[in-house]
Amino acid sequence: MSREKLHAIIAECAGTAALLAVIVGSGIMGERLSGGNAAIALLANSLATGAGLYVLISVLGPISGAHFNPVVTLMVWWRGGCRTQILIGYIVVQFAGAILGVMLAHAMFGLPLLDTGVKIRTGSAQWVSEAVATTGLLSLLILASREHVRAVPALVGSYIVAAYWFTGSTAFANPAVTLARSLSTTFAGIRPADVPGFILAQVVACVLVLAAYHVLRASPVGNSA
């Protein structure tokens, strides 16, 4: 493995870990300081996550592309943006980094490093929400990559803040994030039993976005763009 690829793998792992530390840590802090007001806790959680994404994508984007998300990596691979070796390596370290990030957040707040999530997040409304959130994120990345590459950190951060509020699932939109959050009993947690439904919805959304992209690219309008 070349030095550049190694740096990219490390950046993906560290970036995903930092993202989960932000998501879980801000959820813990928001819940503790909100006095039981879930809306305030969610506001704190969403703003911190959006800001964290902006920083992480801006800093690590030039090194690894700052995917931090298996479905994003899958989309990049399918479009020819990376080799299969990188696809596999990124996905492995994204899941590993996500778990490390949860452990770090728990350590900072004096909680057990890993626990079993108890928050119920299941049902058709949640699954539709995850499909919508993931579709929006992937579509944003495809469209922004054409003419607004420099704006991607702000666009992704802003989109996730909004998606926290307009989706019933609070927009996980990321299989690695979903699995890692099942290892936390905190505000950001999810029951392990609910993880498969979320991940399936995310993967289905990815397939639909890629299918739509393929069709539109092959159309006369797409060819003239």
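This is a predicted model: local features need pLDDT of at least 70, side-chain atom pairs count only at pLDDT 80 or more; totals for chains, interfaces and linings use all residues.
**Start with the whole chain.** Show the protein chain as a cartoon. Along the principal axes, the C-alpha atoms fill a box of roughly 55 × 40 × 30 Å.

The chain exposes about 10600 Å². Carbon and sulfur atoms supply 70% of that area. Of the 225 residues, 48% count as buried.

**Show the contacts.** Take the pairs whose residues are at least 6 apart in sequence. Of these contacts, 75% join residues at least 24 apart.

**Colour by charge.** Look for 12 positive and 7 negative side chains. The centres of the two sets lie 6 Å apart.

**Select Ala66.** Go to the loop between helix 2 (38-64) and helix 3 (70-78), where Ala66 is found. Ala66 is not a glycine, yet its phi is positive, about 55 degrees. Is Ala66 buried or exposed? Its relative accessibility is 8%, so Ala66 counts as buried.

**Select Ala173.** Move on to the loop between helix 6 (152-166) and helix 7 (175-181), which holds Ala173. Ala173 also has a positive phi of about 55 degrees, although it is not a glycine. With a relative accessible area of 1%, Ala173 is buried.

Methods: Residues are numbered from 1 along each chain as its sequence is written. Side-chain values use heavy atoms; hydrogens and water are left out. Buried means under 20% relative accessible area, exposed over 50%, partly exposed in between (1.4 Å probe, protein chains only). Contact means heavy atoms within 4.5 Å. Accessible areas come from the Shrake-Rupley method with a 1.4 Å probe; for residues, only the protein chains shown count as cover. Lys and Arg count as positive and Asp and Glu as negative; His and the chain ends are not counted. The place of a charge is taken as NZ of Lys, CZ of Arg, CG of Asp or CD of Glu. Helices (H or I, at least four residues) and strands (E, at least two) are DSSP runs, numbered from the N terminus.
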